[in-house]
Structures are given as C-alpha cells and as structure tokens.
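Me: I have a structure open and want to learn how to read it. Can you take me through it step by step?

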Amino acid sequence: MSRKYRYHSHEFKLEAIKLLETTDKPVVQLARELGVRVNQIYKWRKQLTEKQDKAFSRTRRKSGDSIPI
C-alpha cells in the first residue's frame with residue numbers, strides 16, 4: 001500500500017496555525033475542517049516557532065529526482 005502525500009502551500013500552513021491560535025474551536029474540529037491530521041497542525045506550529053521565516057521553505061523533489069547519498 002503506497003502513501004499519497006498531499007502538498008499544502010506555505011499560506012495554507014500559516015492560516016491553519018493562525019486558526020489554531022485565534023479560534024475557540026478544538027484542534028480536532030479544526031483539523032477535520034482543513035482535511036489534515038491533528039498532529040500535522042502541531043508539527044507546522046513547531047516548525048514555525050523553531051525556524052520562523054525559514055519554516056516551510058523546503059522544495060519538493062520531482063518524482064524522477066534521485067536522493068543524494
């Protein structure tokens with residue numbers, strides 16, 4: 001069984017974190033509405049806290065690209 005990864009834009013992640021911090025909604029409800037896992041929202045918040053403006057700047061690999069060893 002293969003995993004299907006979904007790409008979320010920088011803006012989407014920032015908005016999810018903003019909603020987490022500014023609304024009274026439980027994180028479970030927020031995650032369900034956004035279509036993401038609860039732990040993913042917390043992970044994005046942690047990345048933003050630790051890396052600040054460099055958070056979410058990772059570039060995606062194309063399917064044919066090799067991984068450097």
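This is a predicted model: local features need pLDDT of at least 70, side-chain atom pairs count only at pLDDT 80 or more; totals for chains, interfaces and linings use all residues.

Me: Let me start with the elements. How many helices and strands does the protein have?

Reply: Count the elements first, then read their order. The protein has 3 helices and 0 strands. Along the sequence, the pattern reads α-α-α.

Me: What share of the residues counts as buried?

Reply: For this, look at relative accessible area. Under 20% is the cut-off for buried. The protein has 69 residues, and 20% of them count as buried.

Me: Now the helix pairs. At what angle do the axes of α1 and α2 cross?

Reply: Read two values for a pair: the distance and the angle. Helix α1 covers residues 10-22. Its axis and that of α2 come within 10 Å and cross at roughly 155°. An angle over 145 degrees counts as roughly antiparallel, so that is the word for α1 and α2. Their crossing is right-handed.

Me: Which residues meet where α1 touches α2?

Reply: List each side in turn. From α1 come F12, A16, L19 and L20. From α2 come V27, L30 and L34. Then sort them by class: 7 are nonpolar, none is polar and none is charged.

Me: How do α2 and α3 lie, by distance and angle?

Reply: Use the two values again. Helix α2 spans residues 27-34, and helix α3 spans residues 38-51. Their axes come within 8 Å and cross at roughly 95°. The range for roughly perpendicular is 65 to 115 degrees, so α2 is roughly perpendicular to α3.

Me: Which residues make the contact of α2 with α3?

Reply: On the α2 side you find V27, V28, L30, A31 and L34. They meet V38, I41 and Y42 in α3. The classes are 8 nonpolar, no polar and no charged residues.

Me: One pair is left. At what angle do α1 and α3 pack?

Reply: The angle is about 100°, with the axes 9 Å apart. That makes α1 roughly perpendicular to α3. Helix α1 brings F12, K13, L14, A16, I17, L20 and E21 to the contact. Helix α3 brings I41, Y42, W44, R45 and L48. By class, this contact has 9 nonpolar, no polar and 3 charged residues.

Me: Now single residues. Is V27 buried or exposed?

Reply: V27 is in helix α2. Its relative accessible area is 15%, so V27 is buried. Residues up to four places away in sequence are not counted, and V27 then touches L20, V38, I41 and Y42. V27 and V38 are 11 residues apart in sequence, yet 6.5 Å apart in space, C-alpha to C-alpha.

Me: Where is H8, and what does H8 touch?

Reply: H8 sits in the segment before α1. H8 is buried, with a relative accessible area of 13%. Leaving out residues up to four places away in sequence, H8 touches K13, V36 and W44.

Me: Last one. How does L48 count by relative accessibility?

Reply: L48 belongs to helix α3. At 25% relative accessibility, L48 counts as partly exposed. Beyond its neighbours within four places in sequence, L48 is in contact with L14, I17, A55 and F56. Take I17 as an example of sequence against space. L48 and I17 are 31 residues apart in sequence and 8.9 Å apart in space, C-alpha to C-alpha.

How values were computed. Residues are numbered from 1 along each chain as its sequence is written. Side-chain values use heavy atoms; hydrogens and water are left out. Helices (H or I, at least four residues) and strands (E, at least two) are DSSP runs, numbered from the N terminus. Buried means under 20% relative accessible area, exposed over 50%, partly exposed in between (1.4 Å probe, protein chains only). Axes are lines fitted to C-alpha atoms, for helices over the stretch in contact, and angles run from 0 to 180 degrees between N-to-C directions. Angles under 35 degrees count as roughly parallel, over 145 as roughly antiparallel, 65 to 115 as roughly perpendicular and the rest as oblique. Contact means heavy atoms within 4.5 Å. Ala, Val, Leu, Ile, Met, Phe, Trp, Tyr, Cys and Pro count as nonpolar, Asp, Glu, Lys and Arg as charged, and the others, Gly among them, as polar. A crossing is left-handed if the near helix is turned anticlockwise from the far one by less than a right angle, and right-handed if clockwise.
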